[in-house]
Amino acid sequence: MPINADTLRRRCAEEMGAAARGFGDASWLRDAFLTVPREHFAPTRVWWPSPREDGLYSLIDRDERPNAWLKALYSPGVALITQMDDGLISPDGPAKGALTSSISSSGVIIELLRHLAPEPGERVLEFGTGTGYTTALLAARTGPGTVVSIEIDPAIADGARQALDGLGLDVHVITGDGELGHPAAGPYDRVVATASVRQIPQPWLDQLRPGGVLLAPLDSPFGCDLLVRLTGAGNGTAHGHFVAAADFMRFRGQREPRPYAELGWPESASVERWQELRVEAGPHRQQIIDSAPPRPLAQSRAESSTP
Ligand SMILES: C[S@@+](CC[C@H](N)C(=O)[O-])C[C@H]1O[C@@H](n2cnc3c(N)ncnc32)[C@H](O)[C@@H]1O
């Protein structure tokens, strides 16, 4: 028997609402989640995000297994893979490759948008359009003509444009490198990325209005990305802190690892205290500052002499 997408969407919202952070007091976000049909944005064929025992990722084809496809889409913690190896692998069957695009999991997107907290009428710049689903949630909040979204992959950008047009959403999707931003429509009240960076690109800071909010997943030395929330301070600078741990696909131009010291991470940064780190970014470079008070000498001596 076919499952009803509206029922699954409601159940998914209830599940996320019951989770520790969920929608918080952002009722607009719950409304947007319930209004925007996630299934409208997902391609017919997607890969499940964890590999099988043989290392291949299973394909879920909507035409063959419509219920499995829909259930996977509305599993709060599941990001379904929509592209491997920058499109070199066709979605014809189980496959193995670098995961390069997805429809982000509902849970992660809800967390991201809750921290971004856009207001009606604000101008938003988004990077990593992907399917256009996050873009649609944003546009549902800020309104027609307010969202510019940049996607580097032309085929993916086209798909998102069509999906957004299909729902009559007035959003500007640009095919290009998000690291450059889009100064023509700036400055922006909110800047948000759904792919991660090792270093915040300076154009994002230059295009953020003073008092505006930038939210992006930043690679960390802790084996995960941390969502950084920065407030624009003018002159291309911004400061803030980390609000959550999450994992995202990397910006194409930032896939190569770089020494963390070069990226402004202090040696003292520890995973147990990531909430205490402050982040400053600007023309001079990004700096992650360990603001925890130094431990008393007697305490560190006692700890280091413990066998
Ligand atoms: C995790 S997906 C975003 C998914 C999207 N939030 C959704 O739910 O459909 C990340 C996207 O970032 C895109 N991307 C990677 N590097 C980029 C860049 N330099 N500029 C713009 N987009 C980029 C990828 O092609 C991919 O589509």
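**Terms and their grounds**

Analyst: Gln254 is found in the loop between strand 11 (237-246) and strand 12 (277-281). The model is a predicted one, in which local features need pLDDT of at least 70, side-chain atom pairs count only at pLDDT 80 or more, and totals for chains, interfaces and linings use all residues. Residues are numbered from 1 along each chain as its sequence is written, and side-chain values use heavy atoms, with hydrogens and water left out.

User: What makes a run of residues a helix or a strand, and how many of each are there in the protein?

Analyst: Helices (H or I, at least four residues) and strands (E, at least two) are DSSP runs, numbered from the N terminus. The protein has eight helices and 13 strands.

User: Why does Gln254 count as buried?

Analyst: Buried means under 20% relative accessible area, exposed over 50%, and partly exposed in between (1.4 Å probe, protein chains only). Gln254 has a relative accessibility of 9%, and therefore counts as buried. Buried residues make up 50% of the 307 residues in the protein.

User: Which residues are in contact with Gln254, leaving aside its neighbours within four places in sequence?

Analyst: Contact means heavy atoms within 4.5 Å. With those neighbours left aside, Gln254 is in contact with Glu179, Val197, Arg198, Gln199 and Pro201. As for Gln207, 47 residues apart from Gln254 along the chain, 20 Å separate the two C-alpha atoms.

User: Why is Pro257 called exposed?

Analyst: The relative accessible area of Pro257 is 62%, so this residue is exposed. Pro257 is also found in the loop between strand 11 and strand 12. Its C-alpha atom is separated by 28 Å from that of Val46, 211 residues apart along the chain.

User: Why is Arg285 called partly exposed?

Analyst: Arg285 has a relative accessible area of 38%, and is therefore partly exposed. Arg285 is in the loop between strand 12 and strand 13 (287-290). Although not a glycine, Arg285 has a positive phi of about 155 degrees.

User: Is the peptide bond from Gly186 to Pro187 cis or trans, and what is its omega?

Analyst: The bond from Gly186 to Pro187 is cis, with omega near -5 degrees. Pro187 belongs to the loop between strand 7 (172-175) and strand 8 (188-193).

User: How do you know that the radius of gyration agrees with that of a compact globule?

Analyst: The radius of gyration is taken over C-alpha atoms, and the globule rule is 2.2 Å times the number of residues to the power 0.38. For 307 residues, a compact globule would have a radius near 19 Å; the protein has 20 Å, so the value agrees. Along its principal axes, the C-alpha trace spans about 70 × 50 × 40 Å.

User: What are the domains of the protein, and how many residues are in contact between them?

Analyst: The protein is divided into domain 1 (5-103) and domain 2 (118-290), with bounds that come from an automatic or database domain assignment. Their centres, taken over C-alpha atoms, are 21 Å apart. In domain 1, 18 residues are in contact with 18 residues of domain 2.
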